[in-house]
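Take a look at the fold below.

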Amino acid sequence: VDVAYGDNGLDSDDEDSDYHQEPYKESYKDRRRRAHTQAEQKRRDAIKKGYDDLQAIVPTCEQQDFSISSQKLSKAIILQKTIDYIQFLHKEKKKQEEEVSTLRKDVMALKIMKVNYEQIVKAHQDSPNEGKNQVSDEVKFNVFQGIMDSLFQSFNASISVTSFQELSACVFSWIEEHCKPQMLRDVVIGVLHQVKNCGRRKKSYGMTKGPSLTFAQ
């Protein structure tokens, strides 16, 4: 009787245990399934919002192709247009940085020129009579023109322009051959003698006024 009663009691406990545990297991699975579904939906919503934001931000995404007419852009097209636009922005950024660097160099050069001109003006103000015997700008230009004409004659005779590569090679060869210090010195001395003799002839004919010019070798 005890065994039978005990068996019945055990069976009764097991049934009660199963009765209470089974609904709990199903509820836990449902909660996990529902949480997973909600997380997946949030992920999809976030991805969709990201693509929508890209399409709204990237200007090229607003320009519909004739092939797709008014259809919604696919994710692949949105990504490709976004990549192209980012690459375009990188190129524009690099171009602007180069322009800024060039402008900074120009500003620095202008500052140096400003300082130099201020020193020249100050020197003239301190000694106003000092510049009376200086060489005129016309004579300076004649000297410069004579030097450049002499160099251009040898340059024109030595340089070939059949191709850019050949031009580059000829330029370096011409510099090494015709722009040596001794050769440049001879060119400058010859030009100075020409300008000096020309000035003397003009003075003898009464064509010039003012102080005479003296060039030292």
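In which helix do Lys48 and Asp52 both lie, and how many residues apart are they? The model is a predicted one. Both residues sit in helix α1, 4 residues apart, or about one turn of the helix. Side chains of opposite charge can pair when their charged atoms come close. Lys48 is partly exposed at 47% relative accessibility. Asp52 is partly exposed too, at 29%. Elsewhere, salt bridges with shared partners join Glu40, Arg43 and Arg44 into one network.

Now follow that network. Glu40 pairs with Arg43, their closest N and O atoms being 2.6 Å apart. The two are 3 residues apart in helix α1 (residues 2-57), so about one helical turn separates them. Glu40 also meets Arg44 in a salt bridge of 3.2 Å, N to O. Glu40 is partly exposed at 23% relative accessibility, and Arg43 is partly exposed at 43%. The whole structure holds 7 salt bridges.

Move on to helix α3, residues 75-126, where Ile120 is found. Leu110, Met113, Tyr117 and Ile120 make a nonpolar surface patch of about 430 Å². Ile120 is partly exposed, at 43% relative accessibility. The unreviewed UniProt entry lists residues 86-113 as a coiled-coil region. That span is 100% helix, and its end C-alpha atoms lie 41 Å apart.

Is Ser154 buried or exposed? Its relative accessible area is 16%, so Ser154 counts as buried, the cut-off being under 20%. Ser154 touches Trp174 and His178. With Trp174, the contact includes a polar one between side chains, at 3.0 Å.

Technical notes:
Residues are numbered from 1 along each chain as its sequence is written. This is a predicted model: local features need pLDDT of at least 70, side-chain atom pairs count only at pLDDT 80 or more; totals for chains, interfaces and linings use all residues. Side-chain values use heavy atoms; hydrogens and water are left out. UniProt positions are given in the numbering used here, feature names are shortened, and annotations may be inferred rather than shown by experiment. Buried means under 20% relative accessible area, exposed over 50%, partly exposed in between (1.4 Å probe, protein chains only). A polar contact is a pair of N or O atoms within 3.5 Å; within protein, one must be able to donate a hydrogen and the other to accept it, and residues adjacent in sequence count only if both atoms are side-chain atoms. Contact means heavy atoms within 4.5 Å. Patches are made of residues with over 30% relative accessible area and no salt bridge: like charges are joined within 9 Å, nonpolar side chains (Val, Leu, Ile, Met, Phe, Trp, Tyr) within 5 Å. Accessible areas come from the Shrake-Rupley method with a 1.4 Å probe; for residues, only the protein chains shown count as cover. A salt bridge is a side-chain nitrogen of Lys or Arg within 4 Å of a carboxyl oxygen of Asp or Glu. Lists of a residue's contacts leave out its neighbours within four places in sequence.
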